[in-house]
Amino acid sequence: MFLDRFWANTINGLSYGSIYALVALGYTLVYGVLQLINFAHSEIFVIGVFGVYFTFLALGFQPGQTPNVPLAGIIANLVLAGAVGMILAGVAAVILERVAYRPLRKRNAPRLAFLITAIGASFVIQQIFRITRGSNPEGTIRLLPPEPLFRIFGAPVTNLQVIIIVAALALFVIADTFVNRTRLGRGVRAVAQDPATATLMGVNRERVIMITFLLGGLLAGAAALFYLMTIPQGAVFNGGFLLGIKAFAAAVLGGIGNLRGALLGGLILGIAENYGQSLFGGDWRDVVAFVLLVGVLMFRPTGILGESLGKARV
């Protein structure tokens, strides 16, 4: 059974893993610059999910209906909804940094205060969605039904999987190029390596931190579009909790603070949980993923790649 579905699970795992990787990039960017585990990042992702969902509604798509729109129109609507989700998530991430974390930095608060604030901000955002939208998931809107495009070793590869994997890799390349090849990216790496020296050398630390949160939020917004394409009923107030935990685990697995580690960790986690589901059943999907994480960290505590953002090579 496992061997029969090996390639199907691998392709499905790469698709899910691409979503984890995009969210994991936000965790790893913030940790690389501030040494902060931003547990509210999962709720930034949820803001992107609702942004995409409400854009679908504003464009005239209703839950339960099959859209009668040409393929080019569907793609244009997906791009528009994804752009709105990215902008909302990016702006929300910047506001979170300004409201929750910047005042603590000005007061030289201990790291524990940042951690508690992140958890508190996460609950506040969750409850805002619960109070305004209720506890039940929003109605299902599926713009692009999955259809097989081609086969790899007999396993069907759908249009959704191709779009998600290719788009996620493209976004990763853009983010990696930004951090490693641009002037602003050099500022991000300088602050990650030595904030005091970077400030003395003329780097605007607060600006770098704002850009870091903005970039993480934009990537989470893109992940939100792919998540809703995969799980159309995924717009729910606490929908980011488990995915956020897995994305954080992916960042740690690859080496938190390392962009390429976040991508690698996300893909490995996505594949591992699909293999685990095939071997042990759906109830073990999440268990296998975290057992893998613990197993890897026992032998390599810094993650698979283990290189910090500040030490990344140009």
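A residue counts as partly exposed when its relative accessible area lies between the limits for buried, under 20%, and exposed, over 50%. In this predicted model, L184 has a relative accessible area of 35% and is therefore partly exposed. L184 is found in helix α6, residues 183–193. Apart from its neighbours within four places in sequence, L184 is in contact with F178, R207 and I211.

**Nonpolar core and surface patch**

In soluble globular proteins, nonpolar side chains tend to be buried together. Here the largest nonpolar core has 86 residues, and L22, F45, Y101 and F226 have the most contacts inside it. Helix α8, residues 205–230, gives the most to this core, with 14 residues. For F45, the contacts beyond four places in sequence are V23, A220, A223, A224, Y227, G239, G240 and L243.

A nonpolar patch is also present on the surface, formed by W7, L149, F150, I152 and F153, with about 520 Å² of accessible area together. Strand β1, residues 148–152, supplies the largest share of the patch, 3 residues. L149 is found in this strand; its relative accessible area is 53%, so L149 is exposed.

**Aromatic pairs**

A pair of aromatic rings is described by the distance of the centres and the angle of the planes. The count comes to 12 aromatic pairs. The rings of F50 and F129 are stacked because their planes meet at 15°, with the centres 4.4 Å apart. F50 belongs to helix α2 (residues 41–58) and F129 to helix α4 (residues 111–133), so this pair ties together parts that are 79 residues apart in sequence. Both F50 and F129 are buried.

The pair of Y101 and F213 is tilted, at 5.8 Å centre to centre and 40° between the planes. Since Y101 lies in helix α3 (residues 71–106) and F213 in helix α8, the pair ties together parts that are 112 residues apart in sequence. Y101 counts as buried at 0% relative accessibility, and F213 counts as buried at 3%. Elsewhere, ring pairs link F6, W7, F153 and Y275 into a cluster; W7 and F153 also belong to the nonpolar surface patch.

**Salt bridges**

Side chains of opposite charge can pair when their charged atoms come close.

| Salt bridge | Distance, N to O |
|---|---|
| R102 and E206 | 3.2 Å |
| D176 and R260 | 2.7 Å |
| K246 and E273 | 2.9 Å |

The bridge between R102 and E206 joins helix α3 to helix α8, across 104 residues of sequence. R102 counts as buried at 14% relative accessibility, whereas E206 is partly exposed at 28%. E97, R102, R105 and E206 are linked in a network of salt bridges.

D176, in helix α5 (residues 159–181), and R260, in helix α10 (residues 259–280), are 84 residues apart. D176 counts as buried at 11% relative accessibility, while R260 counts as partly exposed at 44%.

The pair of K246 and E273 links helix α9 (residues 240–254) with helix α10, the two residues being 27 residues apart. Both K246 and E273 are buried.

Methods
Residues are numbered from 1 along each chain as its sequence is written. This is a predicted model: local features need pLDDT of at least 70, side-chain atom pairs count only at pLDDT 80 or more; totals for chains, interfaces and linings use all residues. Side-chain values use heavy atoms; hydrogens and water are left out. A nonpolar core is a set of buried Ala, Val, Leu, Ile, Met, Phe, Trp, Tyr and Cys residues joined through side-chain atoms within 4.5 Å. Buried means under 20% relative accessible area, exposed over 50%, partly exposed in between (1.4 Å probe, protein chains only). Helices (H or I, at least four residues) and strands (E, at least two) are DSSP runs, numbered from the N terminus. Contact means heavy atoms within 4.5 Å. Patches are made of residues with over 30% relative accessible area and no salt bridge: like charges are joined within 9 Å, nonpolar side chains (Val, Leu, Ile, Met, Phe, Trp, Tyr) within 5 Å. Accessible areas come from the Shrake-Rupley method with a 1.4 Å probe; for residues, only the protein chains shown count as cover. A salt bridge is a side-chain nitrogen of Lys or Arg within 4 Å of a carboxyl oxygen of Asp or Glu. Rings of Phe, Tyr and Trp (its six-membered ring) pair if their centres lie within 6.5 Å; planes under 30 degrees apart count as stacked, over 60 as edge-to-face and the rest as tilted.
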